[in-house]
Amino acid sequence: MKPFTVKFVRGSAVLLTAAILSACGQSDSNASNASTSTANAANASSGEANAIQSKQTVTPSNNPDLLKNVSATVYKDANCGCCKEWIGHAEDNGLTTTAHDVADLSLFKERYGVPAEMRSCHTAVTSDGYVIEGHVPAKYVAEFLQNPPKQAIGLAVPGMPVGSPGMEYQDKFMPYQIMQINKDGTNQVYAEIESAEQQL
């Protein structure tokens, strides 16, 4: 790939992520999340022209029974539109939510053991104490809660990947990882999401 093409793709990925972040309206307490997201977008595009790729139009198939009988408290910034979108995605798939707009999200992330490198724009805590950090698809929340690993405290999608639930933008999609957060502070890959369809 020619150097100009790589620079153009990298710049496009960063600009796209920056546009989405500004639309989300994160508070200053989450500024580090914004820079993490931008860095993730830049890293994802550095070697491949299609890291943020166009996807086929995918019609979400909501399953109101998927998270039936599961409830969670969601801590978020009052101005964050993508947090509201993720809550809508989770509720469409059966999750009962109670949202709390908080001034300092970092206090809740620390309280529930979310490592700095795993943070995103909102933190959900299920009634049985599991943490769901960021734009985790409902499908994987349900899978995790059916058989949670003994060492795990929850799942995270660090940053705010374009195309993840609540972060949809036109027809763009950036592959991302769902991470498992462990009680000892470590994390590991729970799932690799390579396409928008894989989230459904």
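Is Lys-76 buried or exposed, and at what relative accessibility? I began my notebook with this residue, and I keep in mind throughout that the model is predicted. I find that Lys-76 has a relative accessibility of 4% and therefore counts as buried, since the cut-off for that word is under 20%.

**Entry on the first pair.** I next looked up the partner of this lysine, and I note that its side chain meets that of Asp-101 in a salt bridge, with 2.7 Å from N to O.

**Entry on the second pair.** I count two salt bridges in the structure, and the other entry I made is for Lys-109 and Glu-133, whose closest N and O atoms are 2.6 Å apart. This pair links distant parts of the chain, 24 residues apart, with Lys-109 in helix α4 (residues 105-111) and Glu-133 in strand β5 (residues 131-134).

**Entry on the whole protein.** I then stepped back and recorded five helices and nine strands, which follow one another along the sequence as α-α-β-β-α-β-α-β-β-α-β-β-β-β. Of the 200 residues, 48% count as buried. Among contacts with a separation of 6 or more, I noted that 65% come from residues 24 or more positions apart. Finally, I wrote down an accessible surface of about 9600 Å², of which carbon and sulfur atoms hold 50%.

Methods: Residues numbered from 1 in each chain as written. Predicted model: local features only at pLDDT ≥ 70, side-chain atom pairs only at ≥ 80, totals over all residues. Heavy atoms only, no water. Salt bridge = Lys/Arg side-chain N within 4 Å of Asp/Glu carboxyl O. Buried < 20%, exposed > 50% of the residue type's maximum accessible area, 1.4 Å probe, protein only. Helix = DSSP H or I, 4+ residues; strand = E, 2+ residues; numbered from the N terminus. Contact = heavy atoms within 4.5 Å. Areas by Shrake-Rupley, 256 points an atom, 1.4 Å probe, with all protein chains shown as cover.
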